[in-house]
Structures are given as structure tokens and as C-alpha cells.
Amino acid sequence: MGKAILAFLPGDHLDDLLERIDFAPRGPNTLTGAKAFRHDLDRIRASGIAVNDEELAYGLRSIAAPIRAHNGEVLAALNLAVHRTTGTMDELLARFGPAVIRTAKEISLSMGHRLPPG
């Protein structure tokens, strides 16, 4: 969920935060460097969905999408977390990703956000 919010912060604010992050391993797949973390944030901005595949804890997988205010600023995120026995990350994304993104957009619209045309 945090990455879904961080990915859309203004560059200077993101830079300041990344300087203070402790990239210590917390789970078997924790991103332990700023470069890898930035690459993941780029992927999130492009896809509109954040992925956590046992980065925070063994067995925890989750996906999250940003929720935007009326001005487009990301204020929150919608998260779905499951145990790894539920399925692979690819299965999780295929099965629930579209619904998570759609629901986050619906919440954003209810907060006054207007989607860009197209």
C-alpha cells in the first residue's frame, strides 16, 4: 500500500523520503536498495498497481492501487492482502488486479477526482 502512495509523490518529496528509508530485509523478497525501489515505483506508475510479493513478511502477498483526491493527488491506497497459499502473484494480479484498480478509481471519483479523457 505504501508503494502505491509513494510512487505518485512529487520527485523532490520522494527523493527526501528515499534518503531516510532503511532498506533492511523484512521478508524474503524485500527490496534492499534505493535503485531497485525506484525501479519498482516506476513500474507502479506505469501499471497503476503496486505489488508486494513477500517483501514485508514471509507468506504475505498483496496488491494495491492509488486513491486520488479531486486534484489528482494520491491520498490513500486500496489494498488486498492474501497468504501466499492463495496463489502465485500472477494469479493474484489476474484474478483481483482489475477489481482493485477499478474500485480505487471508483473511490477516487466519489472524492471528486476526474479521470483524464481517453
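**Stop one: a charged pair on a helix**

Select Asp40: with a relative accessibility of 12%, Asp40 counts as buried (buried means under 20% relative accessible area, exposed over 50% and partly exposed in between, using a 1.4 Å probe and protein chains only). Before you click on, know that this is a predicted model, where local features need pLDDT of at least 70 and side-chain atom pairs count only at pLDDT 80 or more, while totals for chains, interfaces and linings use all residues. Residues are numbered from 1 along each chain as its sequence is written, and side-chain values use heavy atoms, with hydrogens and water left out.

Asp40 and Arg43 form a salt bridge, with the closest N and O atoms 3.2 Å apart (that is, a side-chain nitrogen of Lys or Arg within 4 Å of a carboxyl oxygen of Asp or Glu). Why are they about one helical turn apart? Because they sit three residues apart in helix α3 (helices are DSSP runs of H or I with at least four residues, strands are runs of E with at least two, and both are numbered from the N terminus).

**Stop two: follow the charges**

Next, pick Glu55 and Lys3. Their salt bridge has its closest N and O atoms 2.9 Å apart. This pair links distant parts of the chain: Glu55 is in the loop between β1 (50–53) and β2 (60–68), and Lys3 is in helix α1, 52 residues away. Both Glu55 and Lys3 are buried. Show Lys3, Asp40, Arg43 and Glu55 together, and you have a network of salt bridges.

**Stop three: the greasy middle**

Which residues make up the largest nonpolar core? Select Ala4, Leu6, Ala7, Leu14, Leu18, Phe23, Phe37, Leu41, Ile44, Ala50, Ala64 and Ala77, 12 in total. A nonpolar core is a set of buried Ala, Val, Leu, Ile, Met, Phe, Trp, Tyr and Cys residues joined through side-chain atoms within 4.5 Å. The most come from α3, with three.

Zoom in on Ile44. Leaving aside neighbours within four places in sequence, Ile44 is in contact (heavy atoms within 4.5 Å) with Lys3, Ala4, Ala7, Phe8, Ile49 and Ala50.

**Last stop: Ser108**

Finish in helix α4 (residues 89–110), where you'll find Ser108. Ser108 counts as buried, at 2% relative accessibility. Beyond its neighbours within four places in sequence, Ser108 is in contact with Pro66, Ile67, Arg68 and His113.
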